[in-house]
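Biologist: Could we look at this structure together? I would like to begin with the ligand and then turn to the core.

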Amino acid sequence: MTDATMRPAPLVDPFGRAVTYLRVSVTDRCDFRCVYCMAEDMSFLPKAEVLSLEEIDRLCTAFVKLGTRKLRLTGGEPLVRRDIMNLITSLGRHVKAGDLDELTLTTNGSMLFKYAEGLVDAGVKRINVSLDTLDPHKFQAITRWGKFGKVAEGIQAAKNAGLAVKINAVALKGVNDDEFHRMVEWCGERGFDLTFIEVMPLGDLGDVSRLDQYIPLTQVRAELETRWTLEDTDYRTGGPARYVRVKETGCRVGFITPLTHNFCESCNRVRLTCTGTLYMCLGQEDAADLRTPLRLSDDNGLLIDAVRAAIQRKPKGHDFIIDRNRHGAAVSRHMSVTGG
Ligand code: SAM
Ligand code: SF4
C-alpha cells in the first residue's frame with residue numbers, strides 16, 4: 001500500500017512504464033473471418049476454458065484497483081458474446097465512480113444496430129469500428145462472412161446514439177489501396193476519426209502471405225498528402241497511433257505503424273485473453289496464467305501477486321518484421337486471441 005492514499009501500489013514495469021491500460025478479449029469467436037486475421041476453418045476454444053463474465057468482471061475490477069484507467073473490450077467480436085451487455089453495464093460502474101477514465105470497445109460493427117444505445121447507457125463514450133473498405137463486394141471478400149449494409153447501419157446507430165466513432169482500417173496491398181482518399185472523405189463527412197493500421201504478422205493464415213498484404217503506412221501517408229493537407233498534432237488516445245488533422249475535413253487520421261515505427265517505448269498496456277491469460281506484449285509469446293489464482297481463492301491476494309509478477313516480465317518491445325525472408329507469423333496466435 002502507498003501511505004498517501006492507502007491504495008495498492010500502481011503497476012510499473014522494469015522499464016519504468018506505468019501499466020494503466022488493459023485490453024480484454026472477451027471471446028475468441030467471431031461472426032466474420034477477415035482474411036488477415038483468421039483462417040476460414042478456425043477452431044475455437046472449448047467453452048469450459050473461457051472465463052465467465054463474472055470472472056472477467058472480477059479480473060478487470062482487480063486491475064482498476066491496481067491503477068488501470070482505461071479498459072478496452074475486444075475479441076474476437078466482443079458483441080457476439082452472450083449477455084455481453086451485462087458485463088459492459090457492470091464495468092460501467094467504475095467509470096461512473098470516477099475510478100476509470102474510459103471504458104471502450106473495438107468491434108466489427110455487425111451488432112451495433114442492436115447495442116449502440118445500451119453502450120451509451122453503460123457509460124461508453126467512444127468506440128472503434130473496424131472497416132477496411134466502403135465497397136460491399138470487397139467487404140465481403142475481406143471479411144468472408146460480413147455484410148456491409150449491416151455494419152453501415154450499425155455505425156449510423158452508434159452515431160445517432162451519441163457515440164464518438166473511430167474507424168480502423170488495415171492497409172491491404174491490392175485490396176483497399178485505391179480507397180484511402182475516399183475513406184478520408186467518407187469519415188470526414190460523418191465526423192469520424194480514421195486510423196490506418198499496418199498488417200501485423202500474427203497467426204498462421206494458411207496459404208495467405210503477409211508480404212502480399214503489407215503496405216508500409218509511410219506510403220499511405222505520402223499518397224494522402226497528394227490530395228489532403230495533413231497537419232501534425234500531438235493528440236493521443238492512450239494508444240500507439242500518431243495523428244494528423246486533415247485540414248479540409250477537420251477530422252483526424254491516425255497511423256499505427258508497428259512495423260515501420262516501433263512505439264514500444266511508450267507502451268502502457270497489457271492484454272488479457274478470454275481464458276485469463278495475460279500477455280504483456282502483443283508481439284511476444286510470454287504470458288501469465290491469471291485464471292488459476294483467480295479460481296483458487298475468492299480473495300484477490302493470489303491474483304494480485306500473479307499480476308505484479310507478470311508486469312515484472314513485461315518485455316522492452318516486440319520484434320515484428322515482414323520482409324522477403326520473414327513473411328510468416330512472428331507469433332503463432334491470431335489477433336483474435338489477444339484482440340486488437
Ligand atoms: N472483431 C473486432 C474488430 O474486428 O474490430 C475486434 C477484434 S479485431 C482482432 C481488432 C482489430 O485488429 C481490428 O481492427 C482488425 O482489423 C485488427 N487486426 C486483425 N488482425 C490483424 C493483423 N494481422 N494485423 C493488423 N491488424 C489486425
Ligand atoms: Fe473477427 Fe475482428 Fe478478426 Fe475480423 S478482425 S475476423 S471481425 S476478430
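Modeller: A definition comes first: Ala, Val, Leu, Ile, Met, Phe, Trp, Tyr, Cys and Pro count as nonpolar, Asp, Glu, Lys and Arg as charged, and the others, Gly among them, as polar. Please note also that this is a predicted model.

Biologist: With those classes, how do the residues of the shell around ligand 1 divide?

Modeller: The shell holds seven nonpolar, nine polar and three charged residues.

Biologist: And which residues are the closest to ligand 1?

Modeller: Of the 19 residues that surround ligand 1, the closest are Tyr36, Gly76, Thr107, Ser130 and Met200.

Biologist: What does the side chain of Ser130 do there?

Modeller: One of its polar atoms lies 2.5 Å from an oxygen atom of ligand 1. In the side chain of Tyr36, an N or O atom is 3.0 Å from an oxygen atom of the ligand. Glu77 places a polar side-chain atom 3.2 Å from a nitrogen atom of ligand 1.

Biologist: How much of the accessible area of ligand 1 does the protein cover?

Modeller: Ligand 1 on its own has 540 Å² of accessible area, and the protein covers 96% of this. Strand S3 (102-107), strand S5 (164-171) and strand S6 (193-198) each give two or more residues to the shell.

Biologist: Now the core, please. Which residues touch the most other members of the largest nonpolar core?

Modeller: They are Ile88, Ile127, Ile167, Phe196, Leu224 and Leu278, in a core of 96 residues. Helix H1 (residues 53-65) gives the largest share of this core, seven residues.

Biologist: What is Leu278 in contact with, leaving aside neighbours within four places in sequence?

Modeller: Its contacts include Leu22, Phe63, Val270 and Ala310.

Key:
Residues are numbered from 1 along each chain as its sequence is written. Chains are lettered from A and ligands numbered from 1 in the order in which they are written. This is a predicted model: local features need pLDDT of at least 70, side-chain atom pairs count only at pLDDT 80 or more; totals for chains, interfaces and linings use all residues. Side-chain values use heavy atoms; hydrogens and water are left out. A residue is near a molecule or strand if one of its heavy atoms lies within 4 Å of it. A polar contact is a pair of N or O atoms within 3.5 Å; within protein, one must be able to donate a hydrogen and the other to accept it, and residues adjacent in sequence count only if both atoms are side-chain atoms. Accessible areas come from the Shrake-Rupley method with a 1.4 Å probe; for residues, only the protein chains shown count as cover. Helices (H or I, at least four residues) and strands (E, at least two) are DSSP runs, numbered from the N terminus. A nonpolar core is a set of buried Ala, Val, Leu, Ile, Met, Phe, Trp, Tyr and Cys residues joined through side-chain atoms within 4.5 Å. Buried means under 20% relative accessible area, exposed over 50%, partly exposed in between (1.4 Å probe, protein chains only). Contact means heavy atoms within 4.5 Å.
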